[in-house]
Amino acid sequence: MVSSQREVDLADVFVLLADSLSAGRDVVDTMDILVQASTEFTAATDAGILLADSGGVLHIVASSNERTSEVEEAQLGHDQGPCLDCFASGEPVEISNLSEVSGRWPQFVAIALSRGFDAVHSFPLCLRGHTFGSMNLFSSVREPFSDQDAALALAFAQVATISLVQYQIIHNQGTANGQLQQALKSRILIEQAKGVLAQRHGAPIDAAFSLLRTYARTSSSKLHDIADDVVHHGLSF
């Protein structure tokens, strides 16, 4: 019964990913579904997504929590880390013990370890030889992904990428860049809403994000729209 329910839940996730953009949602919603699914159905505890702009510069568009954002920002700030290597090569990068690669990415490894991460598994968001970004899955357990987890994470990434391309966000460079800029603006607004909710409820930022995400999902709304209502229109929940 448990296995059957897992299969049903997985099918629901793939439907959400495939339909997220056509249903009127945006890049941020699709990437949020991706990070949640990756941490729910694989051994990863946290996840982050980077997407490239038209100049090939990577930007954070989604993360499962604050510590993940900090580690992703460290990758971009120091220009080193598995997610960047994954994006450059278009191939998965698996680091089952970060301590063993401190010479390869010293600044990244130091901050990742300080945040409680011991392993990182990166998967490309790519289609037909073109890589649009990468997904980082973090774990506090020093061991490789199982074949099943690796295959599932790659499938999530592929379906999310197909949904983006289907919506013609990435076929047209101008549109792609515009969509990414909108995603970055949405991310800023979501961060503001998280702060408002955290202060209002006296809760940690991660708990505030969970409230925001849950409200958006249950009301079938975009994260951006709910964040805007919280910040600018006093929405309370």
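This is a predicted model: local features need pLDDT of at least 70, side-chain atom pairs count only at pLDDT 80 or more; totals for chains, interfaces and linings use all residues.
View 1. Residues are numbered from 1 along each chain as its sequence is written, and side-chain values use heavy atoms, with hydrogens and water left out. R6 belongs to helix α1, which covers residues 2–19; helices (H or I, at least four residues) and strands (E, at least two) are DSSP runs that are numbered from the N terminus. When neighbours within four places in sequence are set aside, R6 is in contact with F41, Q148 and L152, where contact means heavy atoms within 4.5 Å. R6 and F41 are 35 residues apart along the chain, and their C-alpha atoms are separated by 8.5 Å.

**View 2. S69 is a buried residue of helix α3.** S69 lies in helix α3, and at 4% relative accessibility S69 counts as buried. Its side chain makes a polar contact with the side chain of R187, at 3.3 Å; a polar contact is a pair of N or O atoms within 3.5 Å, and within protein one must be able to donate a hydrogen and the other to accept it, while residues adjacent in sequence count only if both atoms are side-chain atoms. Apart from neighbours within four places in sequence, S69 is in contact with I60, S63 and R187.

**View 3. F156 belongs to the largest nonpolar core.** A nonpolar core is a set of buried Ala, Val, Leu, Ile, Met, Phe, Trp, Tyr and Cys residues joined through side-chain atoms within 4.5 Å. The largest one has 44 residues, of which M31, L34, I49, M135, L137, F156 and L212 touch the most other members. Helix α2 (residues 27–41) supplies the largest share of this core, namely eight residues. Beyond its neighbours within four places in sequence, F156 is in contact with L10, V13, F14, L17, L34, A37, S38 and F41. A second, separate core of 13 residues includes W105, A112, F117 and F138.

**View 4. Strand β4 pairs with β3 and with β5.** Two strands pair if DSSP finds at least two bridges between them. Strand β3 (residues 93–95) runs antiparallel to β4 and is joined to β4 by three bridges, while β4 and β5 pair in the antiparallel sense over nine bridges. V120 in β4 is the bridge partner of I95, and V120 also stands opposite F138 in β5. Seven of the nine residues of β4 are buried, so that this strand is mostly covered.

View 5. Although R128 is not a glycine, its phi is positive, at about 50 degrees, and R128 is exposed, with a relative accessible area of 72%. D79 sits in the loop between α3 (66–78) and α4 (82–89). The phi of D79 is near 55 degrees, a positive value in a residue other than glycine, and D79 is exposed, with a relative accessible area of 61%.

Definitions and conventions
Buried means under 20% relative accessible area, exposed over 50%, partly exposed in between (1.4 Å probe, protein chains only).
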